[in-house]
Amino acid sequence: MTSKKYYLLRTGMEGQAAFLSWMVCAGASQISLYVRWKFEIWVAPSRKCSGMEIVMRKIEIYIHIPFCVRKCLYCDFLSFPSGEKERERYLDALLWEIETQAPKYRDYEADSVFIGGGTPTVLTGEQLGRIMRGIKAGFAFGKNPEITVEANPGTVDRGKLEESLKAGINRISIGAQSLNDRELELLGRVHLSEDFFRAYRLARKAGFQNINVDMMAALPGQKLEGYLDGLKRVTDLEPEHISAYSLIVEEGTPFYERYGREGKREKGTEELPGILPGILPGILPSEEEERLMYERTGELLAAQGYGRYEISNYARPGYECRHNIGYWKRHDYVGFGLGAASMVENVRWKNCTDMERYLHCMEARKGQREGTSEADAAEGIQEERIFLSVKEQMEEYMFLGLRLTEGVGKEAFYKTFGRKIEDVYGDVIRRLQGQGLLENGKQVRLTPYGRDVSNYVMAEFLIGI
Ligand code: SF4
């Protein structure tokens, strides 16, 4: 029995009497929290209220900044170039969305904030500060929240970094992607390797003590030695966290035109007229080379003191990204801004991806501020709202949880769903274990071989019930 979980017992009162006084103190809106407590399916930190402890559930906050200096050639994220006026207009709309939606989450406290994109650092330090003030005004925060901003090395300066820190941002994720200038040009990035080193040094000097560096593998023309050399040079800088993803050639991108279809690989030795004049991109590494890059990434980073805690994420002990772990463990999260996704109490929704519609809806509501309800403010931008069935929750729990090195705990599964994992997935787990893809102890987790074919393993849990 943890002191956090049994907050009512700590007050010396039990049952109905405690519940009634707590309702007076906390407001009737927290009835659902009491019900959850009664069935012991979650744990939350607590805060004091007139001598009583009130449970605050954890929530992760995501803020989407859809602006970039220009579009990278492999990118299919919701991002585009913008002018100063559009950025200001967007910021007003975003802050209005946060202000009107935040009251729905008064029973929660934020454990992490992730300002992502896009390139949040195309905003000024003052604008980033304004976003942080908006979030702080709307949300309660737990102890030591993790607050991250994503940065493109071509868009940071000392002043912006210092203002970000002052505003409460305590983690920076720098998108290096490669330290090879030819590869960076090929990707269409706005920065070169020297910009990355400069941005990294500036972030440290400004005072960031938690830095992530994003790297990419399996780029066209990339060789194992060159990739590992870049990775080693990143570890020499001693960031706290490294993400290393393989390039995925997404439909609808210039990269897809060249590499995305059967038979396109061999064309990589030709110039890309109109896209990258003068650059000979080279062909994509083979699947075997890509697998080798992945394996060696783990070995190199382990030797430098970075543990792999998720398929593509590595950290020094204690610096695992709490925000992303929240997604993989299916914590509640709420997203603000264009296209931002949310999942709260197993209801999932997404904001619209049309900028004009987003701005128009927010501005129209702001114009009618008097009498605008929280529901009204969200109306018009939220779409694809679905309540996840228990079956869908279990599927997500498995395929997200298996991304983590620790895997899925059997006890945690039982606490969450009230059913033994064997009763739901026994056959699938035994079959995958027999194929050498899963370990089946107190935790169910991927073997190294299972990690190589993780998409296959996870798909088995979608059709396994
Ligand atoms: S900086 Fe990131 S979000 Fe922006 S275009 Fe490039 S890959 Fe996409």
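## A report on the predicted model

Gly-118 is found in the loop between S4 and H5. Helices (H or I, at least four residues) and strands (E, at least two) are DSSP runs, numbered from the N terminus. The peptide bond that leads from Gly-117 to Gly-118 is cis, with omega near 15°.

This is a predicted model: local features need pLDDT of at least 70, side-chain atom pairs count only at pLDDT 80 or more, and totals for chains, interfaces and linings use all residues. Residues are numbered from 1 along each chain as its sequence is written.

**Confidence.** pLDDT is the predictor's confidence in each residue, from 0 to 100. The protein averages a pLDDT of 85, and 80% of the residues score at least 70. Over residues 1-46 pLDDT stays under 50. Over residues 263-267 the pLDDT is also below 50.

**Overall make-up.** The protein has 19 helices and 17 strands. Of its 465 residues, 37% count as buried. A residue is buried if 20 or more other C-beta atoms lie within 10 Å of its own, exposed if 12 or fewer, and partly exposed in between; C-beta atoms are placed from the backbone. Two residues are in contact if their C-beta atoms, placed from the backbone, lie within 7 Å. Of the contacts with a separation of 6 or more, 70% join residues 24 or more positions apart.

**The cores.** A nonpolar core is a set of buried Ala, Val, Leu, Ile, Met, Phe, Trp, Tyr and Cys residues joined through C-beta atoms within 7 Å. The largest one has 87 residues, and Ile-61, Ile-174 and Ala-203 have the most contacts inside it. H4 gives the most to this core, with six residues. Apart from it lies another core, of 17 residues, among them Met-398 and Tyr-425.

**Helix H5.** This helix covers residues 125-138. Its 14 residues should span 20 Å at 1.5 Å a residue, and its end C-alpha atoms are 20 Å apart, which agrees. The expected span is 1.5 Å times one less than the number of residues. Buried residues of H5 include Leu-128, Ile-131, Met-132 and Ile-135. What covers the buried residues of H5 includes strand S3, helix H4 and helix H6.

**Tyr-62.** This residue sits in strand S3. The C-alpha atoms of Tyr-62 and Phe-114 are separated by 4.9 Å, although the two are 52 residues apart along the chain. Beyond four places in sequence, the contacts of Tyr-62 include Phe-114, Gly-116 and Tyr-333.

**The ligand shell.** Among the residues around the ligand are Cys-68, Lys-71, Gly-117, Gly-118 and Asn-152. A residue is near a molecule if its C-beta atom, placed from the backbone, lies within 6 Å of it. The shell divides into four nonpolar, five polar and one charged. Here Ala, Val, Leu, Ile, Met, Phe, Trp, Tyr, Cys and Pro count as nonpolar, Asp, Glu, Lys and Arg as charged, and the others, Gly among them, as polar.

**Positive phi.** Gln-177 has a positive phi although it is not a glycine. Glu-238 also has a positive phi and is not a glycine. Gln-177 lies in strand S6, whereas Glu-238 is found in the loop between helix H9 and strand S8.

The table counts C-beta neighbours.

| Residue | Burial | Other C-beta atoms within 10 Å |
|---|---|---|
| Tyr-62 | buried | 21 C-beta atoms |
| Gln-177 | buried | 26 C-beta atoms |
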